[in-house]
Amino acid sequence: MPKNAKLKLSDPSIERSVLYVGEKEIIAASTGILKEEGWSIIYAPSLAEAPQYASKSGALVGVVGFSQKEFVDHAHRVELMLAQSTMLKWIALIPPNAAEQPAFRQLIGSAFYDYHTLPLDALRLSITLGHAFGMAEMTADTFQGGQWDLHHHPESQMVGASDQMQKIYQEIRKVAGVEAPVLITGESGTGKELTAQAIHERSTRKEGPFIAVNCGALPANLIQSELFGHEKGSFTGAHERKIGRIESATDGTLFLDEIGDLPMDLQTNLLRFLQEKTIHRVGGRQDIEVNVRVLAATHINLEAAIKDGRFRQDLYYRLNVLQIKMPPLRDRVGDIPLLAQYIFTRFSDEKAHRVKGFSEEALHAMNHYDWPGNIRELINRVRRAMVMCEKFLISLVDLGLERRTNSRMQVTLNEARDSAEASSIRGALAQSRGSVSMAARQLGISRVSLYRLMEKHGISKS
Ligand SMILES: Nc1ncnc2c1ncn2[C@@H]1O[C@H](COP(=O)(O)OP(=O)(O)OP(=O)(O)O)[C@@H](O)[C@H]1O
């Protein structure tokens, strides 16, 4: 991260807005300190008006003050309000015994970034606000006036803003400009076919056809004629001349998916085609010249297949002139919420009207899940959740991720704040080489607060 970006996040001289919903008395005594720490409070007059205030004010963080009598009984309305302003990170201020009520606990756990128990410690709230603000800023670029900017790239509909995907976009642009074959590798569901389409769409062949062939799905007895075509009467059942898939990709791009599944004899024919740029229909007498660019994809390790004698080495060299390696979804830091929101929008016709977005808990669970099926699995889970969800916000149960993440979530809710606080302080002190004033500035808090927090966490200067 550039140095000045970090300073921008934590510089207390820059005022940051917080939207507050709830009885003013709850935070009245803390407003002085919050102001000193650089927070400007915007008061929403009511729950119903909060979403409107949220989008008008441009605030990235919000606080809901729960008084014993009022909001605790109106969890449903609070949930609706949160659902209508999902671009904010929300923090709850809750009365001491409120967390004992299961419904209330569930609301706090699923829809809020964090919570503080009353009476309020303004300095601690300022730190939590700082973390929430930082997190919100990370994704704020993807919102425009409350709408997601879906990062639609000219290369087809590829969504993703991570460094890994920026690299892929660059590679796509580069390989699109040449004619050599490209081998696209990566786990299943990572977007290999989409990448092949993107290469085609950016190439000079974009007006020509894009023909995709799944080599693993073709029946062994038909594969030769499917790929190369056949002449009438060349075998029993060949009543008509058939143009094969390679030939039908003339002046365009042929995408051979699951190339590792191609039988050995077909590998030989394909190699001949790649070398000579001609094909021979089954039962045909002449060589037909075809102008086709070949892209291939595999989710298996072709080098291992070569060692096992299942794949021809010479064909591998021919196909692997250029290579693009698709990253697994779990490594694409920051892309999961973006993709989830994209899928939500793309399939919004299938959902019930009340479903407005994802709960914090669901986003957290998605970020921490391994996604063995990658984007295809994400699409399936989100679509299913959109149909199953009976509330305003999709939960981790709707996504079918509760068993995998629930126990971790409970620990996280109770411990995350402390450990995040401690690690931010350690990081700031290390960066400022033990200077408390500098570290405090960087963290966006006063020196006094920093000393207090260092004592609380048992952190020394060096
Ligand atoms: N970057 C992306 N943005 C949006 N959708 C994507 C992205 N990458 C993949 N998808 C979607 O995910 C699904 C799987 O992608 P695709 O079929 O390209 O993966 P694949 O790697 O070719 O899978 P397989 O190895 O199983 O053939 C498709 O519905 C595709 O549209």
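**Figure 1. K277 in the loop between α12 and β11.** K277 is found in the loop that runs between α12 (264-276) and β11 (278-279). In this predicted model, the phi of K277 is positive, about 60 degrees, although K277 is not a glycine. Most residues other than glycine have a negative phi. K277 has 12 C-beta neighbours inside 10 Å and therefore counts as exposed, the cut-off for that class being 12 or fewer.

**Figure 2. N374 in helix α17.** N374 is found in helix α17, which spans residues 374-388. The phi of N374 is near 55 degrees, a positive value in a residue other than glycine. N374 is buried, because 23 other C-beta atoms lie within 10 Å and 20 or more are required. Helix α17 also supplies at least two residues of the shell around the ligand.

**Figure 3. The shell around the ligand.** The ligand is surrounded by 18 residues, and the closest are V159, S188, G191, K192 and E193. Sorted by class, this shell has 8 polar, 6 nonpolar and 4 charged residues. Two helices, α9 (192-202) and α17 (374-388), each supply at least two residues of the shell. Both domain 2 (148-153 + 329-394) and domain 3 (163-325) give residues to the shell, so the ligand lies between these domains.

**Figure 4. Helix α8 and its buried side.** Helix α8 covers residues 163-176, 14 residues in total. From the first C-alpha to the last, α8 reaches 20 Å, close to the 20 Å expected at 1.5 Å a residue. The buried residues of α8 are M165, I168, I172 and V175. These residues cover an arc of only 90 degrees around the axis, and therefore sit on the same side of α8. What covers the buried residues of α8 includes the strands β8 (182-185) and β14 (322-325), together with the helices α9 and α15 (335-346). Exposed residues Q166 and Q170 are carried on the face of α8 turned away from the buried side.

**Figure 5. Helix α20 and the residue that follows.** Within helix α20 (residues 447-457), the residues S449, L450 and L453 are buried. Viewed down the axis of α20, the buried residues fall within an arc of 100 degrees, so they line one face of the helix. The face turned away from the buried side of α20 carries V448 and E455, which are exposed. G458 follows α20 and has a positive phi, near 65 degrees.

Figure 6. The peptide bond from L118 to P119 is cis, with omega near 5 degrees. Most peptide bonds are trans. P119 lies in the loop between β5 (114-117) and α7 (122-140).

Figure 7. G32 lies in helix α3, which comprises residues 31-36. G32 is exposed, because 10 other C-beta atoms lie within 10 Å, against a limit of 12 or fewer. G32 and A122 are 90 residues apart along the chain, and their C-alpha atoms are separated by 9.0 Å.

**Figure 8. The protein as the setting for the close-ups.** The protein contains 20 helices and 16 strands. Of its 462 residues, 37% count as buried. Among contacts with a separation of 6 or more, 74% are accounted for by residues 24 or more positions apart.

Terms used
Residues numbered from 1 in each chain as written. Predicted model: local features only at pLDDT ≥ 70, side-chain atom pairs only at ≥ 80, totals over all residues. Near = placed C-beta within 6 Å. Helix = DSSP H or I, 4+ residues; strand = E, 2+ residues; numbered from the N terminus. Nonpolar A, V, L, I, M, F, W, Y, C, P; charged D, E, K, R; others polar. Domains from an automatic or database assignment. Expected span 1.5 Å × (residues − 1). Arc of directions from axis to C-beta. Contact = placed C-beta atoms within 7 Å.
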